[in-house]
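This briefing goes through one structure by topic. Please have a look at the sequence and the model before reading on.

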Amino acid sequence: METIIRTEKLAKIYNPDTSYEVKALWDVDIEIKKGHVAILSGPSGSGKTTLISLLGAIDRPTRGKAFLMGEELTAMSDVALSKVRRETIGFVFQSFNLIPRLSAIDNVAFPLIPMGVSVTERHRRGSELLKRFQMGERMRHTPEELSGGQQQRVAIARALINNPQIIIADEPTSNIDAEAVKYLIETIYALKKEGRTIIISTHDQSLFNLADVIFDVKDGRITGMREFKQ
Amino acid sequence: MAISEGVKAESLASVMEGADIYLTLDQYGKNAPVPLKYLPEVKKINGVMRVVPRVLGRTYLGDSLAVVVGIPAGELPPSVECVEGKPFSSRGEAVIGVGLARHFNFTVGHAFMLGGVNGRMLKITGLFKADSSIWASDLIFIPFEDASAIFKTGDLATDFLIYVRPGYTSAVAETLKKIEGASFRIQSKELVKQYFNKGFTLKGGIFTALYTVAFALAIPALLVSSGFGLSERKREIGILKATGWQTSEVLEMVVFENLIISLTAAPLALLISFLWLKGLNGLFIAQFFIAEIGLFPPFNVPARFLPIPAFLSFFFSLILTMVGSLYSSWRAAVIPPAEAMK
């Protein structure tokens, strides 16, 4: 199966060469296949979020290389990275990162603005996605008027608005209730069936059943890898 | 700026309706009272139509400082129109501005004491409204002799107002220079107009300088204050970048937002200043432009809204919002989104 993401000796060091130096990630070599669900598992502070940020092209490593579909992410310009984030990756953040002053539908649709998509088309695509996630009744609500689970559905809808090949979710179960977790699992399963690659950082074992591969992360290193046949 | 322009317009209107030549004595380069003995000689000059000697002074009427103009009966300036009663015709009479009349509840027939211990009891024969609302507020016209007695000017006048036939101003001025025994200071209407223009330009310049200082102070203040809200903005920009926006697109959005803010702020500022001046009659602010009128202007504060100040208000608000947000937005946009969203 085709490799979609690969890293070589990837490292992220905060405050390098100072007395406050923190090696958040060190010599990470992983490979994720297209269409797989990959889970980065480990305790809090292990470096999962740092790794997932580097894989999602929203942060730059201190050293090492990351490749996306054969293209070296770490060598790309700011403009090229923006293009990758726009066209290939959909990110679901741990705290959802919705814009508080925008309604649910505007939060979902705003990534389309710089692409020159008309307001009507943006709203059509946004409402279609929100309806898919049973949020049709709450489209005009702002994030503060939504529950944690509902905010996450808006965040997932936003991640899907550009129809990306890769969905990245950082600790998706940490801010939602049990009912919402169940709904999330169904959603991930459905996205996987659509052929998308899904990378999840979590220590929630209820998501492990979905995984094709689990990378154990500890103290900024990959300490193990488990592959499953789904 | 609107008040300043309004006052300037009214002042120039008054000048244009005034005398063609203002004659005083020249004492060390300054105006000095002119002896009445020159009056017949000046009247005889070819081209002179009328000469009006004036005594000008300021004195208290109750709690208000009033400008007193003493002129011969029948010589009220054309811009002074009696809205009630008639001009004075003999000593012991006066016409006063509607502003003062309103302040003291005076009407035609009332009498008042002017000038303290040397004062005169004057009976109001008329209330006037001048083209200039400032004039009408605190001006009192009284007979020349009464003013002379109140201010103890003897056989002197503050100045002579000389009205000449069209085209005779220069010739009359030349003849005045030749009168023996007197060193006159001759100020033509054009010269007075120039003084006004210079004065208002200076005043406008001072205001603009103060405005610029305030503007210069506002920029760092805005940078500091916008820094307080920067973390939220930074996070928002991080989200935009994480979802595929490019730095240039983020900045384009910020510029567009600022344009909208400025386009809204400038008309709003104009509307507020218009309402303040027309509705509240320049309450509190008029005193910065018109001396001694107090917090509550007793007359209609003149104001003119011109396109350049309106454009400047838009321009300055745009610059302020741009300076306050563009640099901080750029800084947030060029760092990795993960860092901006922290």
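Which residue in β9(A) is the bridge partner of A:Ile168? The partner is A:Ile199. This is a predicted model, in which local features need pLDDT of at least 70 and side-chain atom pairs count only at pLDDT 80 or more, while totals for chains, interfaces and linings use all residues. Residues are numbered from 1 along each chain as its sequence is written, and chains are lettered from A and ligands numbered from 1 in the order in which they are written.

**Chain A overall**

- Chain A has six helices and eleven strands; helices (H or I, at least four residues) and strands (E, at least two) are DSSP runs, numbered from the N terminus.
- Among contacts in chain A with a separation of 6 or more, 69% join residues 24 or more positions apart; a contact requires C-beta atoms, placed from the backbone, within 7 Å.

**The sheet**

- Six strands of chain A form an open sheet with mixed pairing, in the order β7-β8-β9-β4-β10-β11; two strands pair if DSSP finds at least two bridges between them.
- At the edges are β7 (89-92) and β11 (221-227) of chain A, each of which pairs on one side only.
- On average, neighbouring strands of this sheet are turned by 15 degrees against each other, direction ignored.
- Strands β8 (residues 166-170) and β9 (residues 197-202) of chain A pair in the parallel sense over five bridges.

**Helix α5(A)**

- Helix α5 (residues 148-160) of chain A packs on the sheet and touches β7 and β8 of chain A.
- The direction of α5(A) makes about 170 degrees with that of β7(A); axes are lines fitted to C-alpha atoms, for helices over the stretch in contact, and angles run from 0 to 180 degrees between N-to-C directions.
- Eleven of the 13 residues of α5(A) are buried, so the helix is largely enclosed by the rest of the structure.
- Among the buried residues are A:Arg153, A:Val154 and A:Leu160.
- Their cover includes β7, α3 (104-109), α4 (119-132), β8 and α6 (178-193) of chain A.

**Where chain B touches chain A**

- The contact takes 16 residues from chain A and 15 residues from chain B.
- In chain B, α8 (230-242), α9 (247-278) and α11 (337-340) each supply at least two residues of the side that touches chain A.
- The largest share of that side, four residues, comes from α8(B).

How values were computed: Contact = placed C-beta atoms within 7 Å. Buried ≥ 20, exposed ≤ 12 C-beta atoms within 10 Å, placed from the backbone.
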